[in-house]
Amino acid sequence: MDATPAYSLVTPAVPEWLNKGDNAWQMTAATLVGIQSMPGLVVLYASIVKKKWAVNSAFMALYAFAAVLICWVLVGFRMAFGDELLPFWGKGAPALGQKYLVHQAKVPETLIKPLYPMASLVYFQFTFAAITTILLAGSVLGRMNIKAWMVFVPLWLVFCYTVGAFSLWGGGFLYHWGAIDYSGGYVIHLSSGISGFTAAYWVGPRLKSDRERFPPNNVLLMLAGAGLLWMGWSGFNGGAPYAANVDASIAVINTNISAATSLLVWTSLDVVFFGKPSVIGAVQGMMTGLACITPGAGLVQSWAAIVYGILSGSIPWVSMMILHKKSSLLQKVDDTLGVFHTHAVAGLLGGLLTGLLAEPDLCALILKNPHTRGAFYGSEGWVQFLKQLAAATFVIGWNVVSTTIICLGIKLFIPLRMPDEQLVIGDDAVHGEEAYALWGDGEKYDPTKHGWHASLHSDTAPSPYINNGARGVTINL
């Protein structure tokens with residue numbers, strides 16, 4: 001009788017190359033990232049906007065999640081992680097065949113061969129593509145024509161996202177050149193922030209009344225969505241090494257250190273300059289800390305994660321609360337949730353910091369070039385910093401140009417912005433549905449008639465994140 005334990009047998013379902021631990025972690029990490037979008041950003045978007053836009057904002061995220069998945073398996077994955085077509089683009093093809101999905105995962109233009117099936121890699125990378133598109137949506141909430149959005153999502157995925165992903169992760173020219181993007185500071189955050197800002201320019205602004213006052217309809221529900229984002233980020237950065245290894249552990253602890261530090265710094269600045277802590281501001285600080293550490297999460301020491309958090313809690317704060325008021329361009333473009341500040345600025349900052357603080361021994365654990373290091377660890381590291389700067393320039397340029405072409409192309413057939421009569425009414429006009437039936441819009445609520453005090457609607461010391469007239473900014477997340 002064979003005494004070999006059943007769980008160790010090599011079978012068609014458990015091939016010799018399969019590492020069960022790596023596969024279990026990769027599927028778990030993918031699920032965590034998926035939860036960040038569904039329901040994380042769906043809930044957050046529904047609650048942070050004006051009541052009349054709750055349904056529309058949630059649906060934009062829900063639709064994007066579904067549409068990206070189908071486009072991803074039909075053509076997108078192999079454009080981002082398949083055989084090279086151009087130095088910045090892979091050959092598009094379906095990722096649906098049994099023979100393709102059950103074999104060992106690999107990224108053909110790199111040396112990466114994870115010890116699990118291709119199906120796990122396809123799904124993990126889908127969740128990244130989905131959240132990038134949903135983050136972009138934050139810039140155009142409250143006025144983009146839903147039909148235009150339905151067309152925009154697949155076009156942007158194919159012609160914009162896949163280029164950045166292939167160039168930096170899939171074996172494109174930036175990957176082979178040695179530019180670092182550990183888990184998406186450039187591919188996800190810089191891309192979504194720049195493309196969101198560009199799309200907001202072409203779509204046009206919200207109604208004047210919405211720009212001037214855009215109170216969240218449910219701050220507590222907003223916190224629930226933000227919490228899902230924070231906890232899900234352990235899969236976001238922890239899954240980047242494609243294995244349940246030491247580097248994944250470093251990435252997870254650094255991610256949480258940066259987020260916590262950034263939240264505390266942002267909140268402290270709110271208290272110093274505005275006299276009170278803001279819950280919305282705290283969520284913004286959390287987001288910038290998470291976005292900033294992403295390009296270097298598994299490549300820097302944990303003391304450096306505190307540096308990331310300090311800078312991500314202060315530099316995007318300055319760009320949002322001070323520079324926003326002084327820049328005519330930033331004021332002209334109606335970036336509804338300030339994705340430019342919280343993702344483009346934070347992602348760029350993180351990428352450049354990685355060029356300074358990438359630790360050689362940690363880089364050797366995962367990167368193609370084992371001699372990679374940041375400028376802090378030797379003068380040759382300044383070359384790495386310049387590579388980070390050049391990669392950011394490419395990502396910014398491609399996103400501006402491609403998003404502009406996509407928006408102008410859609411505009412030939414479908415208006416990008418809803419008509420004013422729909423903008424006045426909101427969800428009921430767009431979807432025939434409303435989020436709440438008990439009372440009207442947030443700013444119309446009269447606390448004296450309902451027996452409790454809504455501090456968000458107090459006339460004294462209004463939150464700088466709610467009343468545009470008070471500080472010159474909109475809600476920015």
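Me: What should I know before I start?

Reply: The model is predicted, so local features need pLDDT of at least 70, side-chain atom pairs count only at pLDDT 80 or more, and totals for chains, interfaces and linings use all residues. Residues are numbered from 1 along each chain as its sequence is written, and side-chain values use heavy atoms, with hydrogens and water left out.

Me: How many salt bridges does a search of the whole structure find?

Reply: A salt bridge is a side-chain nitrogen of Lys or Arg within 4 Å of a carboxyl oxygen of Asp or Glu. The search finds eight. One of them joins D334 and R206, 2.7 Å from N to O. D334 sits in the loop between α14 (328-332) and α15 (339-357), and R206 in the loop between α7 and α8 (208-212), 128 residues apart. Helices here are DSSP runs (H or I, at least four residues), numbered from the N terminus.

Me: Is D334 buried or exposed?

Reply: Buried means under 20% relative accessible area, exposed over 50%, and partly exposed in between (1.4 Å probe, protein chains only). D334 has a relative accessible area of 1%, so D334 is buried. R206 counts as buried at 2%, and R211 is buried at 18%.

Me: What is T198 in contact with, leaving aside its neighbours within four places in sequence?

Reply: Contact means heavy atoms within 4.5 Å. T198 touches V400, T403 and T404. T198 lies in helix α7 (residues 185-203) and is buried, with a relative accessible area of 8%.

Me: How much space lies in the largest pocket?

Reply: Rolling a probe the size of a water molecule over the atoms shows where empty space is left. On a 1 Å grid over the protein atoms alone, a pocket is an open set of points where a 1.4 Å probe fits, with protein on both sides within 12 Å along at least five of seven lines. The largest pocket holds about 870 Å³.

Me: Which residues lie nearest its centre?

Reply: I112, Y175, I366, L367 and K368 do, among 40 lining residues (those with an atom within 4 Å of a point). Helix α17 gives the largest share of the lining, four residues.

Key
Helix = DSSP H or I, 4+ residues; strand = E, 2+ residues; numbered from the N terminus. Points joined across faces, edges and corners; volume = space filled by probe spheres on them.
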